[in-house]
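Me: I am new to this structure and should like to understand the terms used to describe it. Please set each value against its definition.

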Amino acid sequence: MLDLIIRGANLADGRQNIDIGIEGGKIMTVGPALSVSAAKEIDAKGRLVTPPFVDAHFHMDATLSLGLPRLNQSGTLLEGIALWGELKPLLTQEAIAERALAYCDWAVAKGLLAIRSHVDVCDPRLLAVDEEMVIPKGTTIRLIGTAVGNSMHGWTVPGFGIKKTVIPGRLNEGWINVKEEGFYFGQCSQICGDNHSFMPIAVRVVSKDVFDKWVEQKKKAAGLLPATDFASVTAPANR
Ligand SMILES: [Cu+2]
């Protein structure tokens with residue numbers, strides 16, 4: 001017995017009213033009026049059955065962003081590129097992933113099962129990171145730094161006026177209290193060896209509400225429940 005049989009399908013080569021038998025995710029038999037049974041049967045009712053479509057070029061990061069942050073008034077590529085430049089600093093990883101997954105649902109529903117995606121992960125200054133540090137504004141943040149491997153690094157963010165050397169096997173601490181929301185960048189400032197020039201730092205400073213929501217999301221994603229309100233923890237007395 002097969003897993004699935006699709007009956008009465010029309011194929012792209014012109015054959016009509018054809019049955020397709022599937023087992024273990026593979027097409028096992030194709031022919032007219034197959035005398036086999038299957039756990040599940042789908043009546044194609046003469047509709048076309050083809051191999052899935054492939055999209056060889058899709059910008060997954062920009063999908064479903066029409067109108068963000070505004071519409072392209074001229075409809076030109078140049079304004080589109082300028083718009084992307086306006087939108088990019090406002091993007092969050094969560095929003096990009098949500099839109100990309102929504103697009104995938106649409107794509108699958110239309111028969112698209114392979115997508116070659118182009119994703120803008122960087123900017124001309126080479127300051128993009130895999131994981132942003134997110135902190136609430138107007139809150140004293142205690143930084144405890146160390147380094148892995150065999151090299152020191154320099155955790156430096158000019159906008160915060162901080163430069164902290166971090167050392168393997170030791171903990172080094174400092175603090176910041178950032179008054180303005182925004183996106184702050186820094187780079188490793190300790191000549192640390194190979195790829196020293198590609199060690200960017202990105203810190204997103206948000207309102208306490210947004211920070212609480214971010215903590216909530218991260219905890220859910222990590223399967224940690226119930227959430228604790230980290231943002232409302234008061235600073236130590238010696239600050
Ligand atoms: Cu470094």
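Reply: Domain bounds here come from an automatic or database domain assignment. On that basis the protein is divided into domain 1 (2–49), domain 2 (55–117) and domain 3 (133–232), and the C-alpha centres of domain 2 and domain 3 lie 29 Å apart. This is a predicted model, in which local features need pLDDT of at least 70, side-chain atom pairs count only at pLDDT 80 or more, and totals for chains, interfaces and linings use all residues. Residues are numbered from 1 along each chain as its sequence is written.

Me: How do you know what radius of gyration a compact globule of 239 residues would have, and what does the protein have?

Reply: The radius is taken over C-alpha atoms, and the globule rule is 2.2 Å times the number of residues to the power 0.38. A compact globule of 239 residues would come near 18 Å, but the protein has 27 Å. Its C-alpha trace spans about 80 × 50 × 40 Å along the principal axes.

Me: Why is Lys213 called partly exposed?

Reply: A residue is buried if 20 or more other C-beta atoms lie within 10 Å of its own, exposed if 12 or fewer, and partly exposed in between, with C-beta atoms placed from the backbone. Lys213 has 15 such atoms within 10 Å, and is therefore partly exposed. Lys213 lies in helix H3 (residues 208–221); helices (H or I, at least four residues) and strands (E, at least two) are DSSP runs, numbered from the N terminus. In the whole protein, buried residues make up 9% of the 239 residues.

Me: What makes the span of helix H2 agree with expectation?

Reply: The expected span is 1.5 Å times one less than the number of residues. For the 17 residues of H2 (residues 93–109) this gives 24 Å, and the end C-alpha atoms are 24 Å apart, so the two agree. The number of buried residues in H2 is 0, so the helix lies largely in the open. Just after H2, Gly111 takes a positive phi of about 90 degrees.

Me: What makes a set of residues a nonpolar core, and which residues make up the largest one?

Reply: Such a core is a set of buried Ala, Val, Leu, Ile, Met, Phe, Trp, Tyr and Cys residues joined through C-beta atoms within 7 Å. The largest has 9 residues: Ile135, Ala147, Trp155, Val157, Phe160, Val166, Ile201, Val203 and Val205. Strands E10 (153–157) and E14 (200–206) are the elements that each give two or more residues to this core, and E14 provides the largest share, 3 residues.
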